Amino acid sequence: MCGIFGCVLTQGNAAPLIHESLKRLEYRGYDSVGITTLENGVLFTKKDQGKIDDVHRILNLDDMPGSIGIGHTRWATHGAPLKVNAHPHVDCGKTIAVVHNGIIENFSELKQELVNRGHVFASKTDTEVVAHLIEQNLKDSPSTGLAEAVREATKRLDGSYAIAVVSSNEPDKIICARNESPLVLGVGENAIYCASDIPAFLPLTNRAVFIKNGELIVLSRSGYEIRKIHDNSVVTREPEVIEWSPEAAVKQGYPHFMVKEIHEQPGTLRNTLRLQDDYLDLISTFLDRATEVFLVACGTSYHACLAASYMFSKLAYLPTYPVYASEFVEQHGKSVNIDSTILAVSQSGETADTLAAVTASQLRAATILGLTNAIGSTLTRVSRVYIGQQSGPEIGVAATKTFTSQLSVMAQLALRLAKKRGKVSQDEMDFIEEKLSKLPSTVETIINTQESKMKQIAHKYKDAKVFFFLGRGVSTATAYEGRLKLMEIAYVPSIAFPAGESKHGPISLIEAGFPVVFVCPKDGSHRTLIGNIMEMKARGASIISVVEEDDEEIKSLSDDYVCVPCGIPEILSPIPFVVPLQMLAYFMALERGYNPDMPRNLAKSVTVK
Ligand code: AGP
């Protein structure tokens, strides 16, 4: 999730304005920044790795000529956060510059095709193929012009993109195009802007034109022209007036980053389904060959490891050991060895406890694999192989979208391992893969249909002194995560444990009205879980269940329940089932008057041990 911006001004220099607008998009990515402006048919580019203020201090991003330009602030997905991978990217002739937000899935095939035609690539990014594709189109049909060359290029792209393109050969315009990644125009008095998000130009104009998938736009001093990519037909669309304050705009109208990020999960889950095969294959090969596998992490990431241990065992018959990173050295420091493989999981890639466990393991020659949301983070540098989960920046301290993305990656690894090991039938494989591909829309349905219900439940139990969260099998991890969310942002003392453990002690706490949250997918543990619900109910507990739509039995046993669509394979169930629990915590924090984005005593990345 990067931020792109472009502007065509009737007068004045574009660079200072692009600089300021990228600052307002920096919440979308801060790995590198770059600007290209146009003056007298010449492209001027300044770009480097690092945060905008740091790069500006060295390069002075305001000091560039020209009243037309494009800019980019990056969240690295393909290629490390280095200057060479910073946008804008240019073609061989350095006459075309492109900024891009999204993921081009077929970039390696396109790159190979262009290399075979003599193109020379400078970066490791997926984006650079766009500049060379446009260059090739112009070479193949010089008379068509930039807009047509861009249109033809976008027809070759698979995946998500919002791009802005300038060319020194047509210095009076910017060409933009969109498929899935957000793109919006800002219509000013003496200027026209394109951006990934409204905050970029809101202080300049509140008149916005929303661009739809499959549309290409020509921006010039005479305004904007929208065309359909597939048939080049013209689309007319008037600007809408945006009433948001700049602060609200960064949250896209949501009151808090946490709820915005909960709502972003359909999109981020879609991103996880576009990860590069090579890395998924490589990691699953390392896991397949490993003698022992430790899944090491903290907090929410540890819960992803716990869920993964069920996925790897149930699907691929691979035993793995989820370990709290802060306990790893104490627990396994002496036994970890050259035959050990560590899959370290950290959305920030900077958590000190996780890195300490990695360092201790490295010192004993163990193999380090990484799963992170931060390309370029320490974890990516110390890992033999790592996967970037592509959730985009997560601003809310409470991990939400990064958790479901971690789970999706783990499920894909378990599937590949199962395939390698021939442990599951092709039919079962196809069934799980089909359900995995539908998870983004499944989660969308849950968010759209259950949010108000979770709000009511949070209101009903807002004065509860303590909560239990219970599940069986892989849902134990879901229950742990629900518990952590309620504790960390609503400060409600909460206890989670495998439901089967309740009669070995915790059930003694139960009294009338004691809220117990049950996570109840219709999997192999469903029958036994009903017994656990009965145990709690018999002692007066208030049963709050997350159930499948058609689960009338548990619904009838519950005081309150929310539903998820039916037929989710067991190993995928933590993804949809955790979403209502994220919402419970969010609404409970609001009910208790707390800011869900900035919970007390916590930091987004814990870089101290
Ligand atoms: C989760 O909401 C918390 N922010 C926290 O538990 C977090 O998961 C933990 O600190 C691990 O962070 P990481 O994934 O960046 O390593």
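A disulfide is a pair of cysteine sulfur atoms within 2.5 Å. A search of the whole predicted structure finds zero disulfides. Cys7 is in none, and the nearest cysteine sulfur, that of Cys194, is 8.1 Å away. Cys7 is buried, with a relative accessible area of 0%. Cys298 is in no disulfide either; the nearest cysteine sulfur belongs to Cys305 and is 9.4 Å away. Cys298 is partly exposed, at a relative accessible area of 22%. Here buried means under 20% relative accessible area, exposed over 50%, and partly exposed in between (1.4 Å probe, protein chains only).

The model is predicted: local features need pLDDT of at least 70, side-chain atom pairs count only at pLDDT 80 or more, and totals for chains, interfaces and linings use all residues. Residues are numbered from 1 along each chain as its sequence is written, and side-chain values use heavy atoms, with hydrogens and water left out.

Pockets were searched for next. On a 1 Å grid over the protein atoms alone, a pocket is an open set of points where a 1.4 Å probe fits, with protein on both sides within 12 Å along at least five of seven lines; lining residues have an atom within 4 Å of a point. The largest pocket holds about 1000 Å³ of space. It is lined by 39 residues, and those closest to its centre are Glu180, Pro182, Gln252, Glu264 and Gly267. Helix 8 gives the most to this lining, with five residues. (Helices, H or I, of at least four residues, and strands, E, of at least two, are DSSP runs numbered from the N terminus.)

The second largest pocket holds about 530 Å³. Of its 28 lining residues, Gly299, Thr300, Glu488, Ala603 and Val606 are the closest to its centre. Helix 16 supplies the largest share of this lining, four residues.

The interior was examined last. A nonpolar core is a set of buried Ala, Val, Leu, Ile, Met, Phe, Trp, Tyr and Cys residues joined through side-chain atoms within 4.5 Å. The largest has 85 residues; Phe312, Met410, Phe467, Phe469, Leu486 and Leu584 have the most contacts inside it. Helix 19 (residues 574-591) provides the largest share of this core, twelve residues. Leaving aside neighbours within four places in sequence, Phe469 is in contact (heavy atoms within 4.5 Å) with residues including Leu486, Phe497, Val517, Leu581 and Leu584. Another core lies apart from the largest one and has 28 residues, among them Leu22, Leu25, Ala191 and Leu202.

Conventions: Points joined across faces, edges and corners; volume = space filled by probe spheres on them.
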